[in-house]
Amino acid sequence: MKALTLALSALLLLTLLGCQQRAPLDIEALQGRARGGDPAALRELVSLLAVTENGIDARVYPMILELGPPAIPVLLEEAGAADRNLREHVIAALGTLKVREAVPSLVAVLDDVGLGRRYVAAWALGEIGDPAGIPSLIRALDDDEREVRRYASRALIRLNQAAVSPLLDYLGGASSRGEGGAVRVLGDIGDRRALEALLARTSGPNRGDVFFALGKLRDPRAEAALIAGLGDEEWRVRMNAAMALGPLGSPAAIEPLRKAMEDEIHVVREWSARSLETITGSHVLYRNEKGEYVPPYNVYH
């Protein structure tokens, strides 16, 4: 009984000490001190990005952005923080503030597959737009995490022309998944320097993405390959080939597209009709999945 009483007393004492040590948090006052150049206040404010309780992190984040450049040195120190919430907010702030000095730290985070939610680092690299981040972003095209691959692709598209040559170099030794990602990015960038590399892959495992990318390049030199794609064994490939032929607008594609309107898959027939309308300027009916002849849905309105 005596031991229990002592234990309860000790617990009460610890509780009271804890309450005494936790001063009331005045975030606005802390922000004012940080704005006035108090480095300790600035550091404490950044550290609060780790605190999710009562939405403190969400309140502090815009304050950090408002502080701007004076906050950058502390943000750079915390870019690789072990606390995930702190790390993500810091990386997001560095990306929003477009801090080029953060690129090495962001690359380290993106490359560390042991960390969760690394897509934030990929996003930030895209926002900053420094070509130094391109190699890491390209490696991320073959990442096991879908969100990492998705944000890496978006970042590379934002980097645009600067990413084309590194992507073309990457294609030579890429895995199938990485190649597919690189092909889609090259298509969205739409640089004709990618034409030869894309044409070399029209019979490979990523040929569906290749045809889609060729459609975005809108280069007449791709027309023969696209027409051949209308006869592919995979219906998605045939659909993308039909889709890509419309913007090219060559009469040479008219008869192959009319033949494709007899395809067994209705979306292939619909895209063939849509591309025929684009090329000929005339309305075209196609046979939908119910066997009815109807105009293609207008995806361009």
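The centres of domain 1 and domain 2, taken over C-alpha atoms, are separated by 52 Å. Domain 1 covers residues 37–97 and domain 2 covers residues 222–300 of the protein chain, with bounds that come from an automatic or database domain assignment. The structure is a predicted model, in which local features need pLDDT of at least 70 and side-chain atom pairs count only at pLDDT 80 or more, while totals for chains, interfaces and linings use all residues. Residues are numbered from 1 along each chain as its sequence is written, and side-chain values use heavy atoms, with hydrogens and water left out.

The C-alpha trace of the protein chain spans about 95 × 45 × 35 Å along its principal axes. The radius of gyration, taken over C-alpha atoms, is 28 Å, whereas a compact globule of 301 residues would have a value near 19 Å (the globule rule is 2.2 Å times the number of residues to the power 0.38). The secondary structure consists of 18 helices and two strands, which are DSSP runs numbered from the N terminus (helices: H or I, at least four residues; strands: E, at least two).

Of the 301 residues, 46% are buried, where buried means under 20% relative accessible area, exposed over 50% and partly exposed in between (1.4 Å probe, protein chains only). Ser250 lies in the loop between helix H16 (235–248) and helix H17 (254–260). Ser250 has a relative accessible area of 17% and is therefore buried. Apart from neighbours within four places in sequence, Ser250 is in contact (heavy atoms within 4.5 Å) with Glu223 and Ile279.
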